[in-house]
Amino acid sequence: MGKDLVLKALRHQEVEDVPWVPFAGVHAGKLKSYTAEEVLRDGDKLVESLLEVNKIYMPDGMPILFDLQVEAEILGCELLWAQENPPSVRSHPLAEEKSIPCRCSIPTKESGRIPIILDAMRRTKKAIGDQTALYGLICGPFTLASHLRGTNIFMDMVQDAQYVKELVEFCSEVCIKISEYYIEAGMDVIAVVDPLVSQVSPKHIEAMLSDGFSAVFDYIRSKNVLSCFFVCGNATRQIEAMCKTNPDGVSVDENVNLLKAKEVTDRYDITLGGNIPLTTTMLLGTQQDNMKAVIDILDNISHNNLIISPGCDMPYNTPIENTVAVAQAVKNPEDARKMLENYTAIIDDIEVDIPDYSKLDKVLVELFTLDPEQCAACTYMVNSVKDIYDEIKDIADYKVYKYYIREDIARTRKMGLTNLPTICINGEPKWVSIIPSKEELIAEIKKYAK
Amino acid sequence: MSINIIMLTGFWGTGKTTLLSAMLDEYKDEKIGVIVNDFGQVCIDGTLIERDGITMRELPNGSIFCACIKDTFLNSLIAMSDKDINYLFIEASGLADPSSMSQILKVISPKTIREYNYVGSICVVDGETFLGYYDLLPALHQQVAYSGVIIVNKVDLIEEDLITKVLNTLTSINPQAAIYVTSYCRVDFREITERLSAPKIPGAESSNTVESRPKTFILSSNEQLPYFGFVNFIQDLSPNAYRIKGFADTTEGNVYVSSVKNHVSISPWDRPVKETKIIVISAVGIRMMSIITGGLKGELSGKLKI
């Protein structure tokens, strides 16, 4: 049974086949023609969509709700809802006030959307819980802390480590409480999703974040439930620090070389999940591209301690046939190999103009992102520039590129960028997956001003 | 006739509850009300001082001077003013900063049925640990500064020159307060009550904020716990906890657990224990969760839950 494959893989036991866990968050809604907002706010539509995911994609495990803003919304962040994306955080209650929220504000089972989520979990568990491992996703403590404090948290990490530690500890208490509710509602795996962890150095993770993450994973284990640590972005350097926080699994996206990551996770006997490229392959590729991505993983990575998944939450408009192709390739790799024999990947050949930066009147700051709305790291990187725009607008312009637009993909490739998000100044990559502080950013832009 | 308020302050494990128990025995012929403020989500101290004829209210979940539960404290004071009592003892939680007490009584005075007379605050200090914590925790300064009487407790455990240092520090903070040096809170209760006075310095906003709350963890169980495994577990936690207290049902009978840093006391408890409940106040933040789960192995595995 598929569920056992996931449980065995996360318990580091030998498996007969590599398990397949599609992260159909808002994309689940597409299967029943519901918007992202509808599946994230309406329990009936959510459950109906999840049952469709289970039917069409043959998952061994699947998440119930992929929305990292659930906890932030309860703690006072305003959300901007979208039809094809999870909502984004529009206000940060601690942006101007460096304080720690009261413990009395920790969400209860009645807070915000928690009742809807718990009900959907119970109903899905009853319907398919015997055959499919169900994942309860919670927003990780560092991303939650940044939702509350905004981009200031990166400056706090430099100037006031104790504050960051205390805020992350509070957010870890929130994670523990939400985990408790989701475990009670029957979740087999709790995934702590913290995209922003890839944006800070391993040294900072260990100094300010690790205790909180370890507490959450140790709590989940004490309840006899399995845990995963999901990250997005180029987390190559951070994987070891993530492993040390003691999760059962780690899941990464296409920015990470899976083979190298597996060497690290195997040393800690932790299961690695990943990393079919979300946009180039799942959203914009062909069925063959998707099969090839799976076969490449299966042929190059050892099968023990491995789960095949998309890099992160699947884009809403991912063609259903592409995901079906992934499922087919995971379940029937030999058939997929035959179909791919005469296939070579189609490379986009779109013409894009790279400006002659030396002739521009103003400095050009270019933000190359996966998706500035959906990828939290990208959002914070874009905001770091927007926040200082008033101060630099006389000497600089900025542009945002999105890796789900074909022209932008071509531009990213032509610029030779291999990891996103990245900030370039006059064509030179300056920050790759790291969010600069306000002071650093302004100083760097001024260096290029005429 | 007005109701006399006597407040007891002091860090966790200094001996406040021991003092309160002894005072309740001393004042057994009086009509007494008690407000017990505990830091964790459940009250342990209430069980320790429970006795017939006493009107008691338990206020868990943080300091009564913190915004989180200050309104509950004010409402309790108003409700208590209607009871047939002459004395109201308030045992504040370990990190309570009582500097706003006079203002609180002023604010509620239009709403109270009978008037309150704030006799003063008795601060209990652990001679062994006071100087170590004093630098770290600003609330301890305020507890001393706003007290009328200071009891330096547990002096049997320490050297003479440390006592002198503690006394010098206490006098520099509060030259007016009467200071008693003792062990096991052995003092003449009538005498200290007579010498007690309300703070002479002006009231201030309490420094208690939600931020100044250390992490607390509740461990519970409906099963009988293996005694030796349980004792070892508590001993392993104690160096990283400010305080551990509670009641447990073990294979050697019911026990009362009281640990202050490395001093662990597990003594027989002859009253029934419906459910094992232990509060751990962490001195190492959220990391205590990993220390607890790391210790819940072997024969305790699955028996004691967080």
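Let's start with a word we will need: a residue is buried if 20 or more other C-beta atoms lie within 10 Å of its own, exposed if 12 or fewer, and partly exposed in between, with the C-beta atoms placed from the backbone. By that rule, 55% of the 450 residues of chain A count as buried.

Before we go on, please keep in mind that this is a predicted model: local features need pLDDT of at least 70, side-chain atom pairs count only at pLDDT 80 or more, and totals for chains, interfaces and linings use all residues. Residues are numbered from 1 along each chain as its sequence is written, while chains are lettered from A and ligands numbered from 1 in the order in which they are written.

So, chain A. You will find 20 helices and 13 strands in it; helices (H or I, at least four residues) and strands (E, at least two) are DSSP runs, numbered from the N terminus. The radius of gyration of chain A is 21 Å, close to the 22 Å from the globule rule for 450 residues, so chain A is as compact as a globular protein of that length. That radius is taken over C-alpha atoms, and the rule is 2.2 Å times the number of residues to the power 0.38. Along the principal axes, the C-alpha atoms of chain A fill a box of roughly 65 × 60 × 45 Å.

Domain bounds here come from an automatic or database domain assignment, and for chain A that gives domain 1 (2–340) and domain 2 (357–448). Their C-alpha centres lie 26 Å apart. How many residues does each domain bring to the contact? Domain 1 of chain A gives 25 residues and domain 2 of chain A gives 23, where two residues are in contact if their C-beta atoms, placed from the backbone, lie within 7 Å. On the domain 1 side, helix H7 (141–149), helix H8 (152–159) and helix H13 (278–283) of chain A each supply at least two residues. That side of domain 1 divides into 12 nonpolar, 12 polar and 1 charged. For those classes, Ala, Val, Leu, Ile, Met, Phe, Trp, Tyr, Cys and Pro count as nonpolar, Asp, Glu, Lys and Arg as charged, and the others, Gly among them, as polar.

Let's zoom in on H7(A). Is this helix mostly covered or uncovered? It is mostly covered, with 9 of its 9 residues buried; among them are A:Phe142, A:His147 and A:Arg149. Just after H7(A), A:Gly150 takes a positive phi of about 80 degrees.

H7(A) packs with H8(A) at an angle of about 110 degrees, their axes 8 Å apart. That makes H7(A) roughly perpendicular to H8(A). Axes are lines fitted to C-alpha atoms, for helices over the stretch in contact, and angles run from 0 to 180 degrees between N-to-C directions; under 35 degrees counts as roughly parallel, over 145 as roughly antiparallel, 65 to 115 as roughly perpendicular and the rest as oblique. Which residues meet there? From H7(A) come A:Ala145, A:Ser146 and A:Arg149, and from H8(A) come A:Asn152, A:Ile153 and A:Asp156. By class, this contact has 2 nonpolar, 2 polar and 2 charged residues.

Next, some backbone angles. Most residues other than glycine have a negative phi. A:Asn426 has a positive phi of about 45 degrees although it is not a glycine. You can find A:Asn426 in the loop between strand S12 (422–425) and strand S13 (428–432) of chain A, and with 18 C-beta neighbours inside 10 Å it counts as partly exposed. In chain B, B:Tyr184 also has a positive phi, near 55 degrees. B:Tyr184 is in the loop between strand S7 (178–181) and helix H8 (189–195) of chain B, and it is exposed, with 12 other C-beta atoms within 10 Å.

That brings us to chain B itself, with 10 helices and 12 strands. Of its 306 residues, 45% are buried. Its domain assignment gives domain 1 (3–195) and domain 2 (214–300), with C-alpha centres 25 Å apart. Their contact takes 11 residues from domain 1 of chain B and 12 residues from domain 2 of chain B.

Finally, where the chains touch, 13 residues of chain B are in contact with 17 residues of chain A. The chain B side divides into 6 nonpolar, 3 polar and 4 charged.
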